[in-house]
Amino acid sequence: MQSVTLQTHNGVAVVVVNNPPVNALSWHVRQGLQDSFSAALADEAIKAIVLRCDGTTFIAGADITEFGKPPQGPDFNSVLNMIEASAKPVVAAIHGTALGGGLETALVCHYRIAVPSAKLGVPEVKLGLLPGAGGTQRLPRVVGIEAAATMCSLGEPVPAVKAEAMGLVDRLAGEESLAEDAAAYARELISAGPRPTRERPVTGDAAVIEQLKTANARKWKGFEAPYANLACIEAATRLPFEEGLKFERTEFLKLMGGSQSAAQRHMFFAERQAAKIDGLAKDLPLRNVKKVGVIGAGTMGGGISMNFLAKGIPVTIVEMVQENLDRGVGVIRKNYETSAAKGRFTTEQVEGMMGILTPSLSLDDLADCDLIIEAVYESMDVKKDVFGKLDTICKPGAILASNTSYLNIDEIAASTSRPQDVIGMHFFSPANVMKLLEVVRGEKTADDVLATAMALGKKIGKVAVVAGVCHGFIGNRMLSTRQAPAMQLLLEGATPAQIDKVHTDFGMPMGPFQMSDLAGLDIGWHRDPSRIETIRDALCAAGRFGQKNRKGFYDYDEKRVGTPSEEALSIIEEFRATSNLPKREISDQEIVERTLYPMVNEGYKILEEGKAQRASDIDVVWIYGYGWPIYRGGPMFWGDLEGAGKIVEALERHGVKAADSLKAKA
Ligand code: 3H9
């Protein structure tokens, strides 16, 4: 495979990489680099070398699809060492993104020229890795310890203009003239000669390493890679270059062999895979969505609207009562202003977004919208009524979407004369922040409606996943399977704090009872304090509604920080006494088996029923919608690590019927 070519122009060799889509360093690229550089180095007529890429980007990193497979082609580090040792100056010409192994390649080049729109970074940490081809040792020699530690541990790329100020880029090229500017720069550098990065001193203050750890302690809880990245930067401050490389190698191999990186690499591909709709042509024409209508200006409707406004798509937001409409619009403005105060938007941008928001008290104002998202009260009757009205008001071809989190989309669609235009678009609260969008495909939903909803999800920065119609779709359906056993465990002697801690230690942002308190215990409560059939009834009867009135399973202070509640515990104890169940010690392992394994089991059932396209989509739902720790790769990936046999055995021991496909796998 010819993915690297060598051209020569008046004493300058130009090595060009062409490996679509992102010029990853696949084995044949490494081979091509080795061959081309060998030829350029051997040719006496060549005085300087430029490395550049065709296509949309400079090298975006190692080829992640090769990880975990038997090595093929030349070793990456040997290729890099050869380039760095060149006696002729080497210039990297950067456009698009120089990421990971791509930036490491640019770092062995002696000089770097980039177009202003380029970005440079080492995002390996997001794959549970570290720059394993000298990046952690060379970067601090170019940009200093502070910048290198920040870039490696957070993984955020820096724009070329900033990179130039940091010394990572030596010169900015014209946006349209990179090839010419790079060749001219190389010619200029012939007299200056090579400048091997490994020979440059490490500068800066290592104190930043501890500062980064302190500042990110919460964000990095449970993660290994950020700490390994910092350990390598710290090693660069005290070890000679070659020793530093060895240290980096050891750390890299540890991460590469561990389950966290495997999980994070799985998620990299899972996220991209989720966007693909099985059986639909990639080039299916989409419906044009230029204007969006949102029904309901509450927390959900407001949050949903913010996504579109931020992308410059006008929104008409409809409420029934003026006071609620004003409140909803006020909250949107306040949220944007808070973001502006943090520097995320300018005042002009806030006014721009508010300027394309039209508040209305009439559904009739949705007549010219291309997509209408209903976010009203979660009741089938109410939804049917709204969709019936939309059917008479909306223009032909408009997409009618429901933000329902549980209800049957087919039943909602049947209340219109155009079920092919009806779809579920389930956002997660807060809808302007959470990345997940479940796109629910009804039985009659048209293909182009589905494809348009998925594409729109991407446009507004969401990770969209296709789900089928079933109670709670993918996410909430699985969530409900952990709630019942969690309650049962309380009856058998566990405490809310014990169960929640197992979940937070696992890496979830909160446990089942913390989540119930946040949602409100009175949601769906029958409101009869004399009727006590569940622990929740007992808590509600005692006026414990959750965070909203600062008492639920926990007591809350004014900052909504929860502590175990004596009163709640005694209510649970009283209720338990009526159940005649003996109280016993419950182990953390049992909590895992009874609350997390059923979720995996439900995932298998969802797949059996065709309600998710693929197991990795379920992982995406749980990571982006519910905060499942990414380093555990989602419930399905984690289930595989635990082992199907172990899960089936435990489910059956606890009296839960295992899904057929899970059993088959076991
Ligand atoms: C590394 O470098 C380790 C070294 O330090 C040490 C080695 C010893 N490999 O994201 P997109 C595919 S670790 C293979 O939709 P965009 C991707 O799956 C690497 N494939 O495009 C997708 O395929 P498909 C460090 C890759 O324009 C297609 O390309 N580098 C790779 O929105 C398009 O991707 C990174 O972590 C890869 N490295 O964004 C960078 N990258 O079409 C990872 C992408 O079949 N990549 N693909 O679904 C990115 O961040 C984005 O892809 C990028 C483009 C910003 C480049």
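Buried means under 20% relative accessible area, exposed over 50%, and partly exposed in between, with a 1.4 Å probe and protein chains only. The model is predicted, so local features need pLDDT of at least 70 and side-chain atom pairs count only at pLDDT 80 or more, while totals for chains, interfaces and linings use all residues. Residues are numbered from 1 along each chain as its sequence is written, and side-chain values use heavy atoms, with hydrogens and water left out.

**Exercise 1.** Determine whether Cys 232 is buried or exposed, and how many disulfides there are.

*Solution.*
Step 1. Cys 232 has a relative accessible area of 0%, and therefore counts as buried.
Step 2. A disulfide is a pair of cysteine sulfur atoms within 2.5 Å.
Step 3. The closest cysteine sulfur to that of Cys 232 belongs to Cys 152 and is 8.3 Å away, too far for a bond.
Step 4. Cys 369 is likewise in no disulfide, as the nearest cysteine sulfur, in Cys 394, is 7.3 Å away.
Step 5. The count of disulfides is zero.

**Exercise 2.** State where Arg 482 lies and which residues it contacts.

*Solution.*
Step 1. Arg 482 belongs to helix α18 (residues 475-492); helices are DSSP runs (H or I, at least four residues), numbered from the N terminus.
Step 2. Its relative accessibility is 1%, so Arg 482 is buried.
Step 3. Contact means heavy atoms within 4.5 Å. Neighbours within four places in sequence aside, the contacts of Arg 482 include His 503, Pro 512, Thr 595 and Met 599.
Step 4. Arg 482 and Val 592 are 110 residues apart along the chain, yet their C-alpha atoms are separated by 9.9 Å.

Terms used. Helix = DSSP H or I, 4+ residues; strand = E, 2+ residues; numbered from the N terminus.
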